[in-house]
Amino acid sequence: GTSTEYWLSLELGRGIPEVLGYKKMYEDAQSEELQKFGIEMKKPISKCVIVIGTRKNDLIWKENFERIANCLNGIELLTYDHLIDRLENTVNNLEQHTSAIQ
């Protein structure tokens, strides 16, 4: 087989700890601090989302992307293509639901 190496981009390598840092700051913040940002009631964060680049039609890239995404506890890793697919599905579901009601 052919050995293929992939590296996390510098942006993603920085983005993961940055997102986790923001999550910790939010969790540690007192309600007075949050009110300065217009947050009236503190809610638990179940997961964070990082959106990166575009999906590639390369099987090795897809497998590596899924492995990395599955290892990021509390962080969902999406490409812009994944996000657009989800939004299109949501719009289609809303359109079907609306037409079923009428």
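Residues were classed by relative accessible area as buried (under 20%), exposed (over 50%) or partly exposed (in between), with a 1.4 Å probe and protein chains only. The model is predicted, so local features need pLDDT of at least 70 and side-chain atom pairs count only at pLDDT 80 or more, while totals for chains, interfaces and linings use all residues. Residues are numbered from 1 along each chain as its sequence is written, and side-chain values use heavy atoms, with hydrogens and water left out.

Salt bridges were examined across the whole structure. A salt bridge is a side-chain nitrogen of Lys or Arg within 4 Å of a carboxyl oxygen of Asp or Glu. The search finds four of them. One of these joins the side chains of Glu76 and Lys47, at 2.7 Å from N to O. The pair links distant parts of the chain, 29 residues apart. Glu76 is in strand 2, and Lys47 is in the loop between helix 2 (31-35) and strand 1 (48-52). Helices (H or I, at least four residues) and strands (E, at least two) are DSSP runs, numbered from the N terminus. Strand 2 covers residues 75-79.

Glu76 counts as buried because its relative accessibility is 14%. Lys47 has a relative accessible area of 46%, so Lys47 is partly exposed. The side chains of Glu76 and Lys47 also make a polar contact of 2.7 Å. A polar contact is a pair of N or O atoms within 3.5 Å; within protein, one must be able to donate a hydrogen and the other to accept it, and residues adjacent in sequence count only if both atoms are side-chain atoms.

Arg86 forms a salt bridge with Glu76, with the closest N and O atoms 2.4 Å apart. This pair, too, links distant parts of the chain: Arg86 in helix 4 and Glu76 in strand 2, 10 residues apart. Shared partners join Lys47, Glu76 and Arg86 into one salt-bridge network. Arg86 counts as partly exposed because its relative accessibility is 43%. Contact means heavy atoms within 4.5 Å. Leaving aside neighbours within four places in sequence, Glu76 is in contact with Lys47, Cys48, Val49, Ile50 and Arg86.

A further salt bridge pairs Arg55 with Asp85, the closest N and O atoms lying 2.8 Å apart. Arg55 is in the loop between strand 1 and helix 3 (59-71), whereas Asp85 is in helix 4. The two are 30 residues apart, and the pair links distant parts of the chain. Arg55 is partly exposed because its relative accessible area is 34%. Asp85, at 31% relative accessibility, likewise counts as partly exposed.

Aromatic rings were then compared. Rings of Phe, Tyr and Trp (its six-membered ring) pair if their centres lie within 6.5 Å; planes under 30 degrees apart count as stacked, over 60 as edge-to-face and the rest as tilted. The whole structure holds one aromatic pair. The ring centres of Trp61 and Phe65 are 5.0 Å apart and their planes are at 15°, so the pair is stacked. Both residues lie in helix 3, four residues apart, about one turn of the helix. Both Trp61 and Phe65 are buried.

Helix 4 spans residues 80-101 and includes Leu87. Tyr80, Leu83 and Leu87 form a nonpolar surface patch, with about 280 Å² of accessible area together. Patches are made of residues with over 30% relative accessible area and no salt bridge: like charges are joined within 9 Å, nonpolar side chains (Val, Leu, Ile, Met, Phe, Trp, Tyr) within 5 Å. Accessible areas come from the Shrake-Rupley method with a 1.4 Å probe; for residues, only the protein chains shown count as cover. Leu94 also lies in helix 4. Leu94 counts as exposed because its relative accessibility is 51%.
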